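Subject: Structure handover

Hello,

Here is the structure I promised to pass on. Please open it beside this email, and my notes follow.

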Amino acid sequence: MAEEKKLKRINKFLSEVGYCSRRKADQLIDQGRVTINGAVPEMGTKISEDDEVRVNGELISAKKEKNVYLAFNKPIGIVCTTDTRVEKDNIIDYINYSKRIFPIGRLDKPSEGLILLTDDGDIVNKILRARNNHEKEYLVTVDKPINNDFLNKMSNGVPILDTVTRKCKVSKVGSHEFRIILTQGLNRQIRRMCEYLGYEVTKLKRIRIMNIELDLPVGKYRELTAEEFKNLNELIGNSSKTEEASQLSTESKKENQNTKRPRVKRKK
């Protein structure tokens with residue numbers, strides 16, 4: 001029984017050592033790119049500390065160093081992907097950090113502003129759960145004057161992507177600019193909402209993720225402060241576990257509608 005407690009699922013291991021999120025790990029396993037002691041594992045396989053894990057032939061070791069947590073002011077034109085082979089203007093090459101890190105969520109290529117990066121897969125999984133009501137705040141500029149009808153419809157929900165967006169906080173900042181606070185992250189959500197109401201977004205800037213506020217010049221990054229990280233952990237303390245959320249959250253599936261992922265059995 002004591003030996004059983006030392007075992008952990010392969011996707012959890014890859015997440016904890018900072019290689020990738022659990023969801024990405026499941027993709028890698030499904031694609032046959034992960035091996036355990038030279039053999040391709042099944043989904044949900046458990047490993048011990050004595051097992052040899054490799055991804056694309058690269059040996060993955062247990063993590064001993066302190067995790068990295070960065071806040072970055074993404075410029076327009078940079079893509080939030082870790083696949084440096086496909087996209088040359090990617091966030092990983094742009095930052096060129098000394099350790100393997102990956103973005104928490106995404107920000108569209110034509111958008112700018114705050115995005116968090118880390119090598120801690122577990123915190124990624126918790127933050128990404130739309131059903132946990134984590135706030136993200138944006139400043140948005142559109143192509144024509146904003147009126148009260150637009151503000152009311154945006155705040156009460158707009159039909160996009162075969163659903164109606166969750167109610168949110170919207171306030172006018174200028175004749176063509178508004179502030180919006182979302183608690184979900186549908187694909188290109190703000191742009192699609194505005195388009196449905198006859199507006200085109202000309203500038204979109206994320207200025208806050210939960211308790212982390214944007215305070216950096218464009219293209220610069222910094223480590224989260226001890227106080228920011230402490231508050232962040234408090235906010236995500238009750239977040240759904242990865243396996244549970246991946247089954248229960250239909251919104252998360254819609255966010256990734258172009259990629260079908262294998263179902264993972266709920267952890268007992």
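First, the terms: helices (H or I, at least four residues) and strands (E, at least two) are DSSP runs, numbered from the N terminus. Two strands pair if DSSP finds at least two bridges between them.

This is a predicted model, in which local features need pLDDT of at least 70, side-chain atom pairs count only at pLDDT 80 or more, and totals for chains, interfaces and linings use all residues. Residues are numbered from 1 along each chain as its sequence is written, and side-chain values use heavy atoms, with hydrogens and water left out.

**Overview**
The protein has nine helices and 16 strands. It has 268 residues, and 46% of them count as buried. Buried means under 20% relative accessible area, exposed over 50%, and partly exposed in between (1.4 Å probe, protein chains only).

**A hairpin**
Strand 12 (residues 169-172) pairs with strand 13 (residues 177-182) in the antiparallel sense, over four bridges. The two strands form a hairpin, with four residues between them. Val170 has Ile180 of strand 13 as its bridge partner.

**The cores**
A nonpolar core is a set of buried Ala, Val, Leu, Ile, Met, Phe, Trp, Tyr and Cys residues joined through side-chain atoms within 4.5 Å. The largest has 33 residues. Ile180 turns up again here: with Val140, Met154, Phe178, Ile190 and Cys194, Ile180 touches the most other members. Elements giving two or more residues to this core include strand 9 (136-142), helix 5 (148-156), strand 13 and helix 6 (189-196). A second, separate core has 17 residues, among them Leu114, Ile123, Ile212 and Leu216.

**Salt bridges**
A salt bridge is a side-chain nitrogen of Lys or Arg within 4 Å of a carboxyl oxygen of Asp or Glu. The count comes to 17.

Which residue does Arg179 meet in a salt bridge? The partner is Glu137, at 2.9 Å, N to O. This pair links distant parts of the chain: Arg179 lies in strand 13 and Glu137 in strand 9, 42 residues apart. Arg179 is partly exposed, at 29% relative accessibility. Glu137 is buried, at 10%.

Glu234 is exposed, with a relative accessible area of 51%. Lys230 is partly exposed, at 46%.

Best wishes
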